[in-house]
Amino acid sequence: LQANRDGRVADALELFLQAHREDPTDGRVALSAGNMHLKQGNVAAAREFYGKVLSQEMQEERVVVMARLKLLEIDEREEKAAKAAEVTAKEAAAKEAVVAQEAAAAKAKATASQAKQAAADRRRSSVDAAVAAATGHVGRAGPRGARVRAAGGRCARGTRVPPAWRAGELD
């Protein structure tokens, strides 16, 4: 008992196991060994020792009651752990669904952006083709110069552009 009070659970367990081997009918020793196993997290071994206490007929009533209470405590812990695991699994599934939704939304947005860019590129190339057909050539100024020439020497904001652009010398 002193080893347990000092916090040396492993030493206390060894001593209780030794005492149990010497007198397997002592319910107090079996109860204490079960308690030490429980403190170490070994639930199966604790259940075994509490079961030994309950299976022996000549035990003190207090020891039997304590063993039953410990078994109930173990059952409650396991039930709470199972519920917590279930809640955690549900939360993880919900988070996974949100992440999948966000990924799908991002993919759809990227696809829409690509489609919009492709449409803009097609419009630009059709305007350039129309300008080239109307003027006979695009010239060294490239597509931007062609658009400027088609706009009468004005850029998209309506300001005049350098004559070199209109002449097709620069881009």
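## Starting at L71

L71 touches R47, Y50 and L54, not counting residues up to four places away in sequence; contact here means heavy atoms within 4.5 Å. L71 is found in helix α5, and helices (H or I, at least four residues) and strands (E, at least two) are DSSP runs, numbered from the N terminus. L71 is buried, with a relative accessible area of 16%. Buried means under 20% relative accessible area, exposed over 50%, and partly exposed in between (1.4 Å probe, protein chains only). L71 and A46 are 25 residues apart in sequence, and their C-alpha atoms are 8.6 Å apart in space.

Before going further, a word on the model: it is predicted, local features need pLDDT of at least 70, side-chain atom pairs count only at pLDDT 80 or more, and totals for chains, interfaces and linings use all residues. Residues are numbered from 1 along each chain as its sequence is written, and side-chain values use heavy atoms, with hydrogens and water left out.

## The whole chain

What does the secondary structure of the protein chain come to? The count is seven helices and zero strands, and the pattern along the sequence reads α-α-α-α-α-α-α.

Of the 171 residues in the protein chain, 26% are buried. Among contacts with a separation of 6 or more, 40% are accounted for by residues 24 or more positions apart. The accessible surface of the protein chain comes to about 11,800 Å², and 57% of that belongs to carbon and sulfur atoms. Accessible areas come from the Shrake-Rupley method with a 1.4 Å probe; for residues, only the protein chains shown count as cover.

## Helix α2

Helix α2 covers residues 9-22. At 1.5 Å a residue, its 14 residues should span 20 Å, and the end C-alpha atoms of α2 are 20 Å apart, which agrees. The expected span of a helix is 1.5 Å times one less than its number of residues.

Which residues of α2 are buried? They are V9, A12, L13, F16, L17 and H20. These residues cover an arc of only 135° around the axis, so they are on the same side of α2; the arc is that of the directions from the helix axis to the C-beta atoms. On the other side of α2, R21 and E22 are exposed. The cover over the buried residues of α2 includes α1 (2-5), α3 and α4.

D11 also has its place in α2. D11 is partly exposed, with a relative accessible area of 39%. From D11 to M36 there are 25 residues in sequence, and 9.5 Å in space from C-alpha to C-alpha.

## D26 and helix α3

D26 lies in the loop between α2 and α3 (27-39). D26 caps the N-terminal end of α3, with a side-chain oxygen 3.1 Å from the backbone nitrogen of R28. This is a polar contact, meaning a pair of N or O atoms within 3.5 Å; within protein, one must be able to donate a hydrogen and the other to accept it, and residues adjacent in sequence count only if both atoms are side-chain atoms. Leaving aside residues up to four places away in sequence, D26 touches Q56 and Q59.

Why is α3 largely enclosed by the rest of the structure? The reason is that 10 of the 13 residues of α3 are buried, including G27, V29 and L38. From its first C-alpha to its last, α3 reaches 18 Å, close to the 18 Å expected. Just after α3, G41 takes a positive phi of about 90°.

Helix α4 (residues 43-55) has 13 residues and reaches 18 Å from its first C-alpha to its last, close to the 18 Å expected. Its buried residues are A45, A46, F49, Y50 and V53. They cover an arc of only 135° around the axis, which puts them on the same side of α4. On the other side of α4, A44 and S55 are exposed.

The largest nonpolar core has 19 residues, of which L31, M36, Y50 and V53 touch the most other members. The elements that give two or more residues to this core are α2, α3, α4 and α5 (61-135). A nonpolar core is a set of buried Ala, Val, Leu, Ile, Met, Phe, Trp, Tyr and Cys residues joined through side-chain atoms within 4.5 Å. Not counting residues up to four places away in sequence, L31 touches Y50, V53, V63, M66 and A67.
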